[in-house]
Amino acid sequence: MKRFYFILTALASIICCNVNAQYNAKITPEIELMSIIGTLSNINNNSCQLTQYKEDVSTYFRKYQNHKCCKLVREYNTENKIAYNDLLFIALYLNNINGKLELSNIDLILNKLDKLSKSELDKFILLLNDFYSKSKFNIFFDNHKSLYSECEQAYLNRVNGQVNYDILNRIFNNKLQKPNIILSILNGDQNVIFSSINTIIISNFTTETSNTTQSISLSGGVYKAYSTIMGIIEMNTSPYLLKSTLERDNATNKIYDFCKAHLNNYQLNKEDIYSDYICNTIFLYYLSEVKKSTKQKEIIDNYTLYFKFYSNIYNAMGYFWINDNFEYLTNKIDNREFNIKEVIYILTEKYIETGKTIELINSRMDK
């Protein structure tokens, strides 16, 4: 499962409480290599806000922009066989064995990227190794380790303490898996989340300049907490998602037909609507539970604002019906024990009903 989260600019900060988990984050050479390949191949939006790093990449790798690996990526992209997200997905399975890049879990990759044949994947890895060797990528990476360390620390400073692990653990019946977190500098404002190997890829770094110093930070810590929380929810929800049925597919088709203009604006595919809806509704439930877990007025006020903020985002994305479904869920499970399978079953039933009544829901909201 993969998706982009385009977060609207609002809410400068958020106060969180009672967190017992710390998250480690790292920048890996494999992800940076693929990000650079995507940038040189012009399939990454290259909206990175670290100007000096962008210039370093451009200067160091300029003469390799037409390397056969980059040409092949452009060709595959044009033929709709590979996208920038797919490069990062492949990078998760790259291993450096004595200076040679090799893939693990090839069958899984080919299943995920079903338009790419094994021979095409093999050709790409062969040319990727040639690029890696000739460009001396390892020298570039080593030269920027201090920057990478600063980015890693910026993430930890901003996000640790902003995720209520206790609440998430309770939602998932004390079986919550913590993700691996990889940071990707060149991704700009895109937050790319993968759940296949319990990994979240986070981006969106910027520079903060005071009178005396310049430092690396995240563009709004609240957004990074959101990406981390949503990654945890997605990773822990995906094993329990119900298999497709005719009723559910009919609901998806009707919802998409009614909301596609909004969904397309956010690059959301029809195939992702059901899983997006499940994860987003559980996220709203997480926010409501954090608010209920405290008596501190400042935290309650912040989470009330936070809930409204994301409810408005979902409305803008075409998920105007999620708030109704959230209320339906809370009425069903409020003040009693439940398990995540039951939650997903309840939400799926409501999803099917939504497909049948979406025009009525919309007309009621317009009044």
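How many residues of the lining of the largest cavity are nonpolar, polar and charged? I started my notebook with that one.

**Ground rules.** I am working from a predicted model, where local features need pLDDT of at least 70, side-chain atom pairs count only at pLDDT 80 or more, and totals for chains, interfaces and linings use all residues. Residues are numbered from 1 along each chain as its sequence is written, and side-chain values use heavy atoms, with hydrogens and water left out.

**Cavity.** I searched the whole structure and found one cavity of 30 Å³ or more. On a 1 Å grid over the protein atoms alone, a cavity is a set of points where a 1.4 Å probe fits but cannot get out; a pocket is an open set with protein on both sides within 12 Å along at least five of seven lines; lining residues have an atom within 4 Å of a point. The largest cavity holds about 30 Å³ of space, a volume being the space filled by probe spheres set on points joined across faces, edges and corners. I listed its lining as I171, I282, Y285, L329, I333, F338, I340 and V343. To settle my opening question, the lining has eight nonpolar, no polar and no charged residues (Ala, Val, Leu, Ile, Met, Phe, Trp, Tyr, Cys and Pro count as nonpolar, Asp, Glu, Lys and Arg as charged, and the others, Gly among them, as polar). At least two lining residues each come from α12 (273-292), α14 (322-333) and α15 (340-366); helices (H or I, at least four residues) and strands (E, at least two) are DSSP runs, numbered from the N terminus.

Next I looked up the second largest pocket, with about 250 Å³ of space. It has 15 lining residues, and R248, E271, D272, Y274 and S275 are the closest to its centre. Both α11 (246-265) and α12 give two or more residues to this lining, and α11 has the largest share, with four. By class I noted five nonpolar, five polar and five charged residues.

**Positive phi.** K136, not a glycine, has phi near 55 degrees and sits in the loop between α6 and α7 (137-143). K136 is partly exposed at 46% relative accessible area (buried is under 20%, exposed over 50%, partly exposed in between, with a 1.4 Å probe and protein chains only). N173, also not a glycine, has a positive phi of about 60 degrees. I placed N173 in the loop between α9 (165-171) and β5 (180-183), partly exposed at 24%.
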